[in-house]
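Keep the sequence at hand.

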Amino acid sequence: AGAVAAGLAGGLGWAWQRARAPPPDVTNARATLAVLPFKPLAAESRDELLEIGMADSLITRLSIVPGLVVRSVGSVRRYAGADQDPARAARELDVDWIVDGSLQRRGDQLRFNARLLRASDGTAAWSGSFDEKFTGVFDVQDQITARVMQALSARLQAGAGVAAGVPQTNLGGTRNTDAYQLYLAASLNTQPRRADGLRKSIELFKQALAVDPAYALAHVGLAQAHRETLLSADAPTQGVVEPVRQALQRALALAPNLGEALAEQGFSLYFFEFDWAGAEREFRSALAANPNVAVAHFGLAQLMLNQDRPDEGFVHLRLARELDPLSPFLNTVEASYLSASGRPVEARARLQRAFDIAPDFYLAHRTQAFLHRADGRPDLAIESLRRAVARADGNSRPSALLGMFLARAGQRDETRQILDQLLERARTAFVPPVSLAVLHAALGESALALDALERAYVLRDPQLVALKDDSRWSGLRQEPRFVALLKKLKLDRYGPGLAPS
């Protein structure tokens, strides 16, 4: 059943007739929908992969429908199981519509029940049952998707403003069940953004691609996992740029209009090349191909907020979070930017949501430290950073921030200890120069801090994208070498931006 479950979700590889989606119109309301994992009818024959695989495949198909906002698979995973409550899911995911269903296996037969529910009153706008052999599961996916679209047709036509029947688009999936099983396991390991999970996910993506080299979404997943190691696992950029480039080159050769691949291309230009215009072009291309790609909204938001375009930046940041409302990362990042923009009440509310979802998420504790400091509570800020360090799986960035906060609280001896520890680690392993620069700057060692920042530029450290407005460099802003570095990055062309706090 597990192999068949992966094959079911492997319907991602099927193309779908659709119109080219326009750039998101953030002023017009669009229909919002979530597809929940299918429930097992018999607990003894439950297959979780089959349940989540059905939801994953339908989400991918429906996400490219013009006029429809579809919540990500990451946000619906927690609703798997026989005790699923569609009404609660609709409230928590803030959607107009819910697709839920159940499944049962008897020998080589599968029975599916599916329905489209109105969140407002819980009534079914459509329901259907399907009996198929394992080989017919792709037809079931086609039929469910078509029925949902038909039931929502009036709403979609009103919101989309485009015609159907434009040429097919490759969704980037696979028809190989083994490859999809590996892909799903790899994706699960990527989500916590921890060093151990990212390393495991990279190996699993590679295994999936060894089985099916034409699996475009697996190439994208591999590129994303590599990119995440830069900020979550102290990976050196030199070891990441080429694997990411190759993975995206292959993905885009296989599926040139794949929104997820275009978004990752945007991050490559943003983080590795410091090509602001090129990155914006790729993020916008990703959203033109598929406005439901949350990471494309996030990348565009980050770029805009760093470049004195807060109005549109916050819109895209909100859109990213709305597409994946149960992401602790997106809730934390939004809280961080809200704090940096002087909106502490909103920031605390958003950060509390992140803690509700993932109490041990280290980035949430990091952001909480900045809020405590803004409240004039350096003791609580330091406590929060100590919790972040303990949960960061060896990532040096929280340690460097802890050292900075300690120095500003007059506890310079411990700051020096943290710096010495990182310098000792740097003898045998890579430590991002920015982490060392933070500590040197906190100790008043401006020349050493600038040395480290200049090394970070040579190594293409992605933390430099927010250099202009990052509070860590408040003591260096008038230094000629710092000004020269801003000019190299072409950040001197922009007005006051925001750096996540």
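Helix H11 covers residues 259-271 in this predicted model. Its 13 residues reach 18 Å from the first C-alpha to the last, close to the 18 Å expected at 1.5 Å a residue.

How many residues of H11 are buried? The count is 11 of the 13, so H11 is largely enclosed by the rest of the structure. Among the buried residues are Leu262, Phe267, Leu269, Tyr270 and Phe271.

Now turn to the space inside. The model holds three cavities of 30 Å³ or more. H11 returns here: it supplies at least two residues of the lining, as does each of H9 and H13. Helix H15 (328-340), helix H17 (362-374) and helix H19 (396-408) each supply at least two as well. By class, the lining has 16 nonpolar, eight polar and seven charged residues.

How far can the model be trusted? The mean pLDDT of the protein is 86, and 88% of its residues reach 70 or more. Over residues 1-28, pLDDT is below 50, yet this stretch has 99 contacts beyond near neighbours in sequence. Residues 158-168 also stay under 50, with 19 contacts beyond four places in sequence. Where pLDDT is low, predicted coordinates should not be read in detail.

Conventions:
Residues are numbered from 1 along each chain as its sequence is written. This is a predicted model: local features need pLDDT of at least 70, side-chain atom pairs count only at pLDDT 80 or more; totals for chains, interfaces and linings use all residues. Side-chain values use heavy atoms; hydrogens and water are left out. pLDDT is the predictor's confidence in each residue, from 0 to 100. Contact means heavy atoms within 4.5 Å. Helices (H or I, at least four residues) and strands (E, at least two) are DSSP runs, numbered from the N terminus. The expected span of a helix is 1.5 Å times one less than its number of residues. Buried means under 20% relative accessible area, exposed over 50%, partly exposed in between (1.4 Å probe, protein chains only). On a 1 Å grid over the protein atoms alone, a cavity is a set of points where a 1.4 Å probe fits but cannot get out, and a pocket is an open set with protein on both sides within 12 Å along at least five of seven lines; lining residues have an atom within 4 Å of a point. Grid points are joined across faces, edges and corners, and a volume is the space filled by probe spheres set on the points. Ala, Val, Leu, Ile, Met, Phe, Trp, Tyr, Cys and Pro count as nonpolar, Asp, Glu, Lys and Arg as charged, and the others, Gly among them, as polar.
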